[in-house]
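The following exercises concern a single protein chain. Please study the sequence and the structure before reading each solution.

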Amino acid sequence: MQPASETESPASRREAIVEQIRAETGIDEPMIARLVDAFYDRVRADPLLGPVFADRIKDWGPHLEQMRLFWSSVALMSGAYHGRPMPKHLPLPVDARHFDRWLELFEATAAEICPSAAAAHFIERARRIAESLELGIAGANGVLLRKGERYLRPTEPATPPI
């Protein structure tokens with residue numbers, strides 16, 4: 001006799017995983033929407049992150065919808081998001097300082113919006129995402145990071161006074 005996991009369809013297996021995560025964390029689509037919306041409100045108002053987004057996003061509605069789908073896929077393994085985040089982030093003028101601030105805002109928002117089990121679930125995944133994106137951006141800029149190293153963009157040299 002085959003184990004149940006071998007006889008289940010991929011769709012029914014995914015649904016079982018989603019339901020297990022929902023039961024363990026309380027995460028659902030309305031919670032994801034509240035988290036995403038509150039987080040990006042903070043991002044837009046942030047002096048470090050706000051300008052990076054303002055230069056690229058004019059219509060926030062579609063972006064927020066994509067982020068809700070993304071976080072549904074990340075947090076619940078729902079398969080709702082079908083994009084490729086890395087290529088979109090590679091050209092951004094960001095480094096470790098931006099990722100640290102992104103995480104700071106995300107963690108504070110998750111702790112405020114979500115029950116503790118859900119917040120921990122989101123935060124763990126956010127940290128992995130930030131690390132992955134920082135590594136990708138560093139590599140795209142010709143910098144190979146060793147374990148524990150961070151990527152800092154070179155700053156413009158100061159112009160000597162005349």
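**Exercise 1: The surroundings of Phe122**

Beyond its neighbours within four places in sequence, Phe122 is in contact (heavy atoms within 4.5 Å) with Ile27, Met31, Ile32, Leu35, Trp71, Ala75, Phe106 and Cys114. The model is predicted: local features need pLDDT of at least 70, side-chain atom pairs count only at pLDDT 80 or more, and totals for chains, interfaces and linings use all residues. Residues are numbered from 1 along each chain as its sequence is written, and side-chain values use heavy atoms, with hydrogens and water left out.

Task: State in which helix Phe122 is placed, and whether Phe122 is buried or exposed.

Solution. 
Step 1. Phe122 belongs to helix H8, residues 116-140; helices (H or I, at least four residues) are DSSP runs, numbered from the N terminus.
Step 2. The relative accessibility of Phe122 is 0%, so this residue counts as buried. Buried means under 20% relative accessible area, exposed over 50%, and partly exposed in between, with a 1.4 Å probe and protein chains only.
Step 3. One of its contacts is Phe106; the two C-alpha atoms are separated by 8.9 Å, and the residues are 16 apart along the chain.

**Exercise 2: The nonpolar core**

Task: Determine which residues touch the most other members of the largest nonpolar core, and which helix supplies the largest share.

Solution. 
Step 1. A nonpolar core is a set of buried Ala, Val, Leu, Ile, Met, Phe, Trp, Tyr and Cys residues joined through side-chain atoms within 4.5 Å.
Step 2. The largest such core has 43 residues, of which Ile27, Tyr40, Trp71, Trp102, Phe106 and Phe122 touch the most other members.
Step 3. At least two residues each come from helix H2 (10-25), helix H3 (29-45), H4, H5, H7 and H8. The largest share of this core is that of H8, with 10 residues.

**Exercise 3: Aromatic pairs**

Task: Describe how the rings of Tyr40 and Trp60 are arranged, and explain why their pair ties together separate parts of the chain.

Solution. 
Step 1. Rings of Phe, Tyr and Trp (its six-membered ring) pair if their centres lie within 6.5 Å; planes under 30 degrees apart count as stacked, over 60 as edge-to-face and the rest as tilted.
Step 2. There are 11 aromatic pairs in the structure. That of Tyr40 and Trp60 is tilted, at 5.8 Å centre to centre and 50 degrees between the planes.
Step 3. Because Tyr40 lies in helix H3 and Trp60 in helix H5, this pair joins parts that are 20 residues apart in sequence. Tyr40 is buried at 4% relative accessible area, and Trp60 counts as buried at 12% relative accessibility.
Step 4. Phe70 and Tyr81, by contrast in class, form an edge-to-face pair, with 5.3 Å centre to centre and 90 degrees between the planes. Phe70 lies in helix H5 and Tyr81 in the loop between H5 and H6, so the pair ties together parts 11 residues apart in sequence.
Step 5. Ring pairs link Phe39, Tyr40, Phe53, Trp60, Phe70, Trp71, Tyr81, Trp102, Phe106 and Phe122 into a cluster.
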